[in-house]
Amino acid sequence: MNAQNTIFDRILRGEIPCKKVFEDEHTLAFYDIAPQAPVHVLIIPKTRIVNVASAEAGHTDQLGRVLQTAAHVGRLLGVADSGYRLVFNNGPDGGQSVDYLHCHLLAGRPLAWPPG
Ligand code: 5GP
C-alpha cells in the first residue's frame, strides 16, 4: 500500500467514514471499527508519522498533542476517573497493522496486565 494511502490517511481525507469522537486542528479521535473494550478510541495526528520508531525531533509537538487529545477524550467519555490504557503498537512484533501513528485508548473494563 502507498505510504500516503493508509486507511487512516483516507479517513483524514474524508474518503472513508469514521465515528468521530473529537477533532481539533492537530488531531482526530474516532472509534475503532473492531473495539477490544467497551470504549476503544483511536487518536491520530493530522500530520502523518508512520510510528513512534520513525518519529523525529520535529514531531514532538504532534506527539504531545496526541497525548493531550487522549486525555481530553478520556474526560469527554467519562472514563478519566475509572481509568484507561493508552497503547502505541509499533512494528510487526508490536502488532501495528496500520502504518500511520495512532494511540489506542481502551477503557470501560479492567484491563489485564501484562497484555500477553
Ligand atoms: P494497530 O493494529 O495498527 O495498532 O491498530 C489499528 C486499528 O485500526 C485496529 O484496532 C483496527 O480495528 C482499526 N481499524 C482498521 N481499519 C479501520 C477503519 O476502517 N476504521 C476504523 N475506525 N478503525 C479501523
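Me: How do S2 and S3 pair, and over how many bridges?
Reply: S2 and S3 run antiparallel, joined over five bridges; strands are DSSP runs of E with at least two residues, numbered from the N terminus, and two of them pair if DSSP finds at least two bridges between them. Within S3, Ile44 is the bridge partner of Leu28.

Me: What kind of model is this?
Reply: The model is predicted, with local features needing pLDDT of at least 70 and side-chain atom pairs counting only at pLDDT 80 or more, while totals for chains, interfaces and linings use all residues. Residues are numbered from 1 along each chain as its sequence is written, and side-chain values use heavy atoms, leaving out hydrogens and water.

Me: In what sense do S3 and S5 pair?
Reply: S3 and S5 pair in the antiparallel sense over five bridges. Val39 stands opposite Ala107 in S5.

Me: Why is S3 described as largely enclosed?
Reply: Seven of its seven residues are buried, so S3 is largely enclosed by the rest of the structure. Buried means under 20% relative accessible area and exposed over 50%, with partly exposed in between (1.4 Å probe, protein chains only).

Me: Turning to H2, which residues are buried?
Reply: The buried residues of H2 are Gln62, Val66, Thr69, Ala70, Val73 and Gly74. They fall within an arc of 145° seen down the axis of H2, so they line one face of the helix; the arc is that of the directions from the helix axis to the C-beta atoms.

Me: And which exposed residues does the opposite face carry?
Reply: The face of H2 turned away from its buried side carries Thr60, Gln68 and Arg75.

Technical notes:
Helix = DSSP H or I, 4+ residues; strand = E, 2+ residues; numbered from the N terminus.
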